[in-house]
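Me: I'd like to walk through this model with you, one question at a time. Could you bring it up for us?

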Amino acid sequence: MAVINILDHQTIDKIAAGEVVERPASVVKELAENAIDAGADAVTVEIRDGGISLIRVTDNGCGIEKGQIHNAFLRHATSKITSAEDLTELVSLGFRGEALASIAAVSKVELISKTPEELTGIRYVIEGGTEKEREEIGAPEGTTVLVRSLFYNTPPRRKFLKQPQTEASYVAELTEHLAMSNPRVSFRFIANGQTRFYTTGNGDLAEIVYRIYGREIADALLPFQWQTDGIAIEGLLGRPVVNRANRNYEIFYVNGRYIKSSLISKAVEEGYREYLMQHKFPFCILHFGIDTKRIDVNVHPAKLEVRIADGPAFYDAVQAAVRTALSETEMIPEITLSQEKSQKADETVKERPVPEPFERRRLAKDSADRAVLQQPEDGGRYPLPAPEPAEDRVMREEYAYGADSAAQAVPTQTKAAETAQIELFADKILSEQSRERFKIIGQLFDTYWLVSFEDKLLIIDQHAAHEKVMYERFMKRFREHAVVSQTLNPPMIVTLSGRERECYLEHAEDFAALGFTVEEFGGSEYAVRGVPMDLYGYGEKEFFREILEELSGETVTGTPESIRIRIATMACKAAVKGNMRLTAEEAGRLIDELLTLDNPYHCPHGRPTIVSMTKYELEKKFKRIVT
Ligand code: ADP
Ligand code: MG
């Protein structure tokens, strides 16, 4: 008979640690979140070898009292909640009281902390869950946690780590997400002695995006703000020119916490639908403030997921908000013939380092700290910092003699922000009011219409424009419940697969509302006797099937109304795919109609209908302007 053992405390800790500590990035996440919870306004994250040999997180937050240090490392010890009821009103990032215990169970941890009230700080060393050292030392206010030799006592887990470079990229991404969720906290991320990025903590999200993702993205962002009962959204929506090939740049925060949510992703993508080509995803950074009673964050060990109550209504609200915001913006992509302009602008951006919470002068005076922080690497101690760029050094020194608190030294508005500023409320080019200022020049390659408008040359893709106009006409009628059915005589017979049939039956009413008349014809055959009038003549048979195929391949979310709109969209997109020739007159009318639309800029498949080139660009090309 097998003997049932009761595991000892250290084994339990090691096993439990697996849930929280998967890799260096999870350690950094927990430590940095603790720093933010501690009210820090400057946080430095430093790693070596992808964080496997060393992670250091320094903050200038409230610190941990000497008497509390032991508790902080106990499992389920937290200062953030006292009972399960508090979970419904959670405002802090941490709450399980597991992180420090878990990290200490699988690495060698050194923590230095000082509260403003106490005269001296404390240095505490704990390895593999066992307390090793504990001493009073002089230290700046705040907390530094050093984590060395991750998984040194759990070799199997260590084996699952990827190359240091890959682990470092996870940490970098995580730190970026943290910086963007806390624009008022100044972050610095250092890998192998080099500053990878820093943020000033001046609260400007667009500036942070600029520093992390560069100019191209920063220039293509629209500030977005929206509010309804119990939900507030704020952030940046990327214009379609910066659509990405994967979902990594759909960055969402719920109540300050970075999360992955397929509900939110789907809703935002639906809002973007008319701007997204297939297999493309938006770039966006959105902060959701949701009434804490409507969400549950306690569903994932790393707190990466949330459950949102009343999903369908939430979905609809979000997609509508995003769509409206996008349709209110001028979306004509500008084509540049030369690169000089953008390169030049980039040069104006100068790095301005953020001061570290441990400023240098105090560090130098403080022998205890120096002993901790600057011993050579061979002793397993923290290595000397690598030489920094001169600029960095100057700034840091300046800071050491100037201010004492990180907040004071944070530079205010920088040049970067000015350069990255986007003109937001510029006049819309495509509008009925501006129609008379359009001059149609002619057609090119049987496809493009050249139009001049003030100091711009607009190039309109007639097929895309035609699709767009058709689509809008149909959707308008659909929304107004004014869809007319066109009878097919003889009826069109289609054979549906089991899955398609199931899908059809589930949505039979929606198809009827769209203007389809469909009857069973025996076996797996169906007779289509009527199709939406507006879509008549565009390959009914194919698009009826195509909708069913698309429907059965995805999970459709939302309220009944939004699902119906979704199906109408599919129908129309499928129908207007066919190209057609247009006369000049027809094209003229098409452009007229295009201008009456809310979103004239993209065809329903997400391709642009129109691009523009400025007179300035042309003149540069002909060297009339030398820059
Ligand atoms: P949790 O964050 O879920 O409370 P942790 O194990 O991460 O659990 O931390 C335990 C406790 O240690 C926290 O509740 C907090 O009181 C204290 N603590 C941890 N890190 C810091 C820090 N950087 N500054 C101040 N207090 C901290
Ligand atoms: Mg924590």
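Me: Before we go on, what should I know about the model?
Reply: It is a predicted model, in which local features need pLDDT of at least 70 and side-chain atom pairs count only at pLDDT 80 or more, while totals for chains, interfaces and linings use all residues. Residues are numbered from 1 along each chain as its sequence is written, chains are lettered from A and ligands numbered from 1 in the order written, and side-chain values use heavy atoms, leaving out hydrogens and water.

Me: Which residue in strand 6 is the bridge partner of Leu 111?
Reply: Two strands pair if DSSP finds at least two bridges between them. Strand 3 and strand 6 (residues 142-148) have 7 bridges and run antiparallel. In strand 6, the partner of Leu 111 is Val 145.

Me: How many residues lie between strand 3 and strand 4 in their hairpin?
Reply: Strand 4 (residues 121-127) pairs with strand 3 in the antiparallel sense over 6 bridges. One of the bridges joins Val 109 to Ile 126 in strand 4. The number of residues between the two strands of the hairpin is 6.

Me: Which strands stand at the edges of the open sheet of 8 strands?
Reply: The pairing is mixed, and the strand order is 5-4-3-6-2-1-7-8. An edge strand has a single partner, so one side is left without a neighbour in the sheet; that applies to strand 5 (130-137) and strand 8 (194-198).

Me: What angle does helix 6 make with strand 7?
Reply: Helix 6 (residues 164-181) packs on the sheet, touching strand 1, strand 7 (186-191) and strand 8; contact means heavy atoms within 4.5 Å. Axes are lines fitted to C-alpha atoms, for helices over the stretch in contact, and angles run from 0 to 180 degrees between N-to-C directions. For helix 6 and strand 7 the angle is about 175 degrees.

Me: How far apart are the axes of helix 9 and helix 10?
Reply: Helix 9 (residues 262-272) and helix 10 (residues 311-327) pack at an angle of about 35 degrees. The distance between their axes is 7 Å.

Conventions. Helices (H or I, at least four residues) and strands (E, at least two) are DSSP runs, numbered from the N terminus.
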